[in-house]
Amino acid sequence: MFHHTMLKQSKMETRGSFRSLSVAELPVDEENLVFTETKASAKSNVTQIKYVDPYIENNAETSFTAAVIGYEYDGSLVKAVKTEESGAWIYIKGVDFGDKKVNTFAAVVKGEGKIQVLADEMGTSPIAELEFDNKEYHGIYNKTAKKLKGVHDIYIVISDPDVYIDSWRFA
């Protein structure tokens, strides 16, 4: 069963409607058409299918969850994420940096602001920062402040509203 979970909101101890799409097994007696109630939590039912590859171009809308993020559409397809308020963020779970040396972070952005990339939890020192003022989409990059190896969770935190992010990657 696919459903929204408020797990992120409860962990953040807030009332900001932070929902994420989750999946959980729902036992069904197909012969009698009866659904069995389950007490398993959404955070323990399903594991990540594969890790995110940070060295390829990743669409910014591909995330585990996000806060105060909207979307820019090209017809019926999502083109980019759009920040609705200052301090918006995107959470990407299970990013596998392997053993490669990470030197730069790059993103295709439009708008004016600053992006900070944090590893593993909010409030940590940024591993990368980008500042920009673009009226159209442009690729920008900067050296990373910290070298990462192995699997990490990534937060992309955006300083201002009306910032659009099409994609991101490390190199």
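**Where to start: Trp-89**

In which strand does Trp-89 lie? Trp-89 lies in strand S9. Helices and strands here are DSSP runs numbered from the N terminus, where a helix is H or I with at least four residues and a strand is E with at least two. Trp-89 has 5% relative accessibility, so this residue counts as buried. (Buried means under 20% relative accessible area, exposed means over 50%, and partly exposed is in between, with a 1.4 Å probe and protein chains only.) Trp-89 and Val-117 are 28 residues apart in sequence, and their C-alpha atoms are 9.6 Å apart in space.

**What you're looking at**

This is a predicted model, so to speak of local features we need pLDDT of at least 70, and side-chain atom pairs count only at pLDDT 80 or more, while totals for chains, interfaces and linings use all residues. Residues are numbered from 1 along each chain as its sequence is written, and side-chain values use heavy atoms, with hydrogens and water left out.

The protein has two helices and 13 strands. Of its 171 residues, 36% count as buried. Take the contacts (heavy atoms within 4.5 Å) with a separation of 6 or more: residues 24 or more positions apart account for 65% of them. The protein exposes about 10700 Å², and carbon and sulfur atoms supply 49% of that. Accessible areas come from the Shrake-Rupley method with a 1.4 Å probe; for residues, only the protein chains shown count as cover.

**Rings meeting rings**

There are nine aromatic pairs in the structure. Rings of Phe, Tyr and Trp (its six-membered ring) pair if their centres lie within 6.5 Å; planes under 30 degrees apart count as stacked, over 60 as edge-to-face, and the rest as tilted. Take Phe-97 and Phe-170: their ring centres are 5.1 Å apart and their planes sit at 80 degrees, so this pair is edge-to-face. The two belong to distant parts of the chain, 73 residues apart, with Phe-97 in the loop between strands S9 (88-96) and S10 (104-119) and Phe-170 in strand S13 (residues 164-170). Both Phe-97 and Phe-170 are buried.

Tyr-137 and Tyr-164 make another edge-to-face pair, at 6.5 Å centre to centre and 75 degrees between the planes. Here Tyr-137 comes from strand S11 (residues 128-143) and Tyr-164 from strand S13, 27 residues apart. Tyr-137 and Tyr-164 are both buried. Ring pairs also tie Tyr-55, Phe-97, Phe-105, Trp-168 and Phe-170 into a cluster.

**Charges over rings**

The charged end of Lys-93 sits over the ring of Phe-64, 4.6 Å from its centre. Lys-100 lies over the face of Tyr-55, at 4.4 Å from the ring centre. (To sit over a ring, NZ of Lys or CZ of Arg must be within 6 Å of the ring centre and within 35 degrees of the ring normal.)

Val-81 is part of strand S8 (residues 77-83). With 2% relative accessibility, Val-81 counts as buried. Leaving aside neighbours within four places in sequence, the contacts of Val-81 include Tyr-71, Ile-90, Tyr-164 and Ile-165. Val-81 and Ile-165 are 84 residues apart along the chain, yet their C-alpha atoms are separated by 5.4 Å.

Tyr-71 sits in strand S7 (residues 69-74), and at 38% relative accessibility Tyr-71 counts as partly exposed.
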